[in-house]
Amino acid sequence: MSRAEAAPGPARVAAGSPKPLWTLGLLRGELVTTFRRWRTLALLGVLAAVPVLVGVAVRIETGDGSSSAGGGGGGPAFITQITNNGLFLVFTALAATLPFFLPMAVGVVAGDAIAGEANAGTLRYLLVAPAGRTRLLLTKYATTMAFCLVATLVVAVFALAVGALLFPLGDLTTISGTRISFAEGLGRALLIALVVAASLIGLAALGLFVSTLTNSGIAAMATTVGLLITVQILDQIPQLHAIQPYLFSHYWMSFADLMREPVYWDDLVRNLELQTLYAAVFGSAAWARFTAKDITA
Amino acid sequence: MAPYESDDTRSAAVDDPHSARRKAARYVVPVAVVGVAAATIGLVPALADSGDPDLPKITAQQLIEKIAKSDVQQLSGTAKITTDLGLPNLGGLESGLLSGAAKGGDGSSADPSTKLTELAAGTHTLRVAADGPDRQKVSLIESAAEYSLIHNGKDIWGYDSKSNEVYHSTANQDGTKHRDEVPATPKDFADQALKSVDDTTSVTVDGTAQVAGRDAYRLVIKPKHASGTTVGVISIAVDSKTGMPLKFTLTPASGGAAVVDAGFTQVSFAKPAASTFDFTPPKGARVTEKKDTEAGARSVRPGAPHQDLTPQKGLAKEGTKVLGKGWNSIAVLDSGAKGGIPSSSGKGDLGGFLGSLGDQVSGKFGKGTVFSTRLVNALITDDGKVYVGTVTKDALVKAANAGQ
């Protein structure tokens, strides 16, 4: 992909308006630039393909009317329930993408945020505008968080569409065995999507910090994704259980607790606290680094 | 404007000794955030621990009566149960062996006997809800899945959300308390422990404690003749208002971590929503019917080998003899299999494998293999007799010698 795509569009340099509006303009410009990039669209395409693949595979597997229950509980969470209710494809798709695809996409976007601009030589032009470094950093972080939300919603919406096409919908059974109406199920699916998106803000802040450390976009992305993989591996080693509650990915799967009746909040709250902590630590570290950095590119 | 200008740095390019220091000072912010977070994690639990509550004095006798009178019909809560029997860590093999022994050939993963064997090792979070004798629910919380055992009227449902399998059986007409068969809550354990209180036991009230945000008395049960038994101390936290046991801890005589530690982390005595106990098998779920309730009820027992603290209650079935009394009692059963578990190696792979898990012992009774956990020890002699009890290895050998 050529760096020319990353060059500032006309919206980004549309300065001149009063200050608060100018910030919005900067954010809008960033959003447009980020989401117009082929790289971003390709990432979203991969994410959208996951629920389609899972849905079609389960449909083919159970097409002759046999139940998929023979699997004995393997595969991603909720996969056995998809045949009864298409809405479960949303949960399955999120459970399948959350460990790797979603955070990888976020790592790419976050890692590219500052380092990519520096790499393309556009960072200094961005700073020409009277935005200030702090505001530019906040804008970049807001854009990354917006991408977290959009990426999660892309997975959820495609999963819902495929689930509705291939499988029946209706009242659903929670994993606690109680029944809830389809409308409530939809509400929970939306809540789960929001929780999943929020689960990624810690990684987004980490990626942004890494991005301020280097002038190479590729290095920042690789470091962020590498950290993600390392943390995921550390989280699997039983001997390290003492530090695992502090790893940003430790409570990611807690979104499934929203499908219990009554909802089991403990891990959900812990997850959100942990993400906030990561965002605060690495956000402020990114600020400390970026506002004091010599911009040479 | 210069490209280097920003709102808070005057100019990063200027060579100024103050500027370098100011740059470094910025890193104080993330470090401070880490510090505050660490302090919060470290200090808040300590500060929140408001000390043991002040409660009127009570004798052990009164407290036991309070437990006996306790008639909590409606509750819902979350409990954590940690069991550490000191079984050899065989990973999945261990649960496979246990469940293989417990389920008689029917392979439903929703069968309670299959599922509840998992409680025999590790830490688990349970949710319990009860509304009168006819409606109870116990859920085992797993990662992104849940196993629920629901008793509603005459139906008993087991639902395993991971494999989407359902187990169904019908309760006895006389309203048998189903939960008794599944000792999972602190109350179940406490009932079992109190049943075994006799003159070989000392029972005292040891101060108060806070459990799940409620004031509780601590009842301590200690076997008096501790020489032969592996049971060290049993401590039960009893809710001061309702008399319901909230926490149960069993420490082995050998010391170390508790063998069983079951306690509520959150509890409410309000009536749970009626929908909690409603269950209809979801479409497409595989349903396994259990017709023979008696067998169903009994097959649950192996799921919690530690439930019967004194063997004379738990193991005194047909063909079983009990030696000794109280905590030192030993159950003897004749497995009928001459040769039993071969203590000498070379009698097939399984025999060798099982033999390698136990210790070889010999005495007047002949030869045998002792399988030990931190609580229950078993001696299987070569002539097929099995001695089981919450007693030490030596006591088992002594009993076997005496039994000859």
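Is N164(B) buried or exposed? N164(B) is buried, since its relative accessible area is 1% and buried means under 20%. This is a predicted model. Chain B contains an open sheet of 12 strands and another open sheet of 6 strands. Chain A carries stretches that UniProt, in an unreviewed entry, lists as "transmembrane region". A side-chain contact between R26(B) and T291(A) links the two chains.

**The 12-strand sheet of chain B**

- The strands of this open sheet run in the order 7-8-9-10-11-1-2-3-4-5-6-12, and their pairing is mixed.
- Strand 7 and strand 12 (286-290) of chain B are the edge strands, each pairing on one side only.
- From one strand to the next, the twist averages 15 degrees.
- Strand 7 (residues 201-211) and strand 8 (residues 214-223) of chain B are paired in the antiparallel sense through 9 bridges.
- Within that pair, T204(B) has V220(B) of strand 8 as its bridge partner.
- The hairpin made by strand 7 and strand 8 of chain B has 2 residues between the strands. In this hairpin, A212(B) adopts a positive phi near 50 degrees.
- Strand 9 (residues 231-239) and strand 10 (residues 245-252) of chain B also pair in the antiparallel sense, here over 7 bridges.
- Opposite V233(B) stands T251(B), a residue of strand 10 of chain B.

**Positive phi in two loops of chain B**

- A144(B) is located in the loop between strand 3 (135-142) and strand 4 (145-152) of chain B.
- Although A144(B) is not a glycine, its phi is positive, at about 55 degrees.
- With a relative accessible area of 7%, A144(B) is buried.
- N164(B) is located in the loop between strand 5 (155-160) and strand 6 (165-170) of chain B.
- N164(B) is not a glycine either, and has a positive phi of about 55 degrees.

**The 6-strand sheet of chain B**

- This open sheet has the strand order 13-14-18-17-16-15, with antiparallel pairing.
- Strand 13 (320-323) and strand 15 (359-363) of chain B stand at the edges. Each has a single partner strand, so one side of each lacks a neighbour in the sheet.
- Ignoring direction, neighbouring strands of this sheet are turned against each other by 25 degrees on average.
- The partner of strand 15 of chain B is strand 16 (residues 366-372) of chain B, and the two are joined in the antiparallel sense by 5 bridges.
- D359(B) has V370(B), in strand 16 of chain B, as its bridge partner.
- In a regular strand, side chains alternate between the two faces of the sheet.

**Annotated spans and helices of chain A**

- The UniProt record, an unreviewed entry, places "transmembrane region" at residues 38-58, 87-110, 144-169 and 189-210 of chain A.
- Residues 38-58 of chain A are 100% helix and 0% strand, with 30 Å between the end C-alpha atoms.
- Residues 87-110 of chain A are 83% helix and 0% strand, and the end C-alpha atoms of this span lie 30 Å apart.
- Helix 2 (residues 38-61) and helix 3 (residues 88-97) of chain A have axes that come within 9 Å and cross at roughly 125 degrees. That angle makes helix 2 of chain A oblique to helix 3 of chain A.
- The crossing of helix 2 of chain A past helix 3 of chain A is right-handed.
- F91(A) belongs to helix 3 of chain A. F91(A) has a relative accessible area of 0% and is therefore buried.
- Between the C-alpha atoms of F91(A) and G111(A), 20 residues apart along the chain, the separation is 27 Å.

**A cis peptide bond in chain A**

- E261(A) and P262(A) are joined by a cis peptide bond, with omega about -5 degrees.
- P262(A) is in the loop between helix 9 (217-234) and helix 10 (265-291) of chain A.

- R26(B) lies in helix 1 (residues 17-26) of chain B.
- Its relative accessibility is 9%, so R26(B) counts as buried.
- The side chain of R26(B) makes a polar contact with the side chain of T291(A), at 3.0 Å.

Key
Residues are numbered from 1 along each chain as its sequence is written. Chains are lettered from A and ligands numbered from 1 in the order in which they are written. This is a predicted model: local features need pLDDT of at least 70, side-chain atom pairs count only at pLDDT 80 or more; totals for chains, interfaces and linings use all residues. Side-chain values use heavy atoms; hydrogens and water are left out. Two strands pair if DSSP finds at least two bridges between them. Helices (H or I, at least four residues) and strands (E, at least two) are DSSP runs, numbered from the N terminus. Axes are lines fitted to C-alpha atoms, for helices over the stretch in contact, and angles run from 0 to 180 degrees between N-to-C directions. Buried means under 20% relative accessible area, exposed over 50%, partly exposed in between (1.4 Å probe, protein chains only). A polar contact is a pair of N or O atoms within 3.5 Å; within protein, one must be able to donate a hydrogen and the other to accept it, and residues adjacent in sequence count only if both atoms are side-chain atoms. UniProt positions are given in the numbering used here, feature names are shortened, and annotations may be inferred rather than shown by experiment. Angles under 35 degrees count as roughly parallel, over 145 as roughly antiparallel, 65 to 115 as roughly perpendicular and the rest as oblique. A crossing is left-handed if the near helix is turned anticlockwise from the far one by less than a right angle, and right-handed if clockwise.
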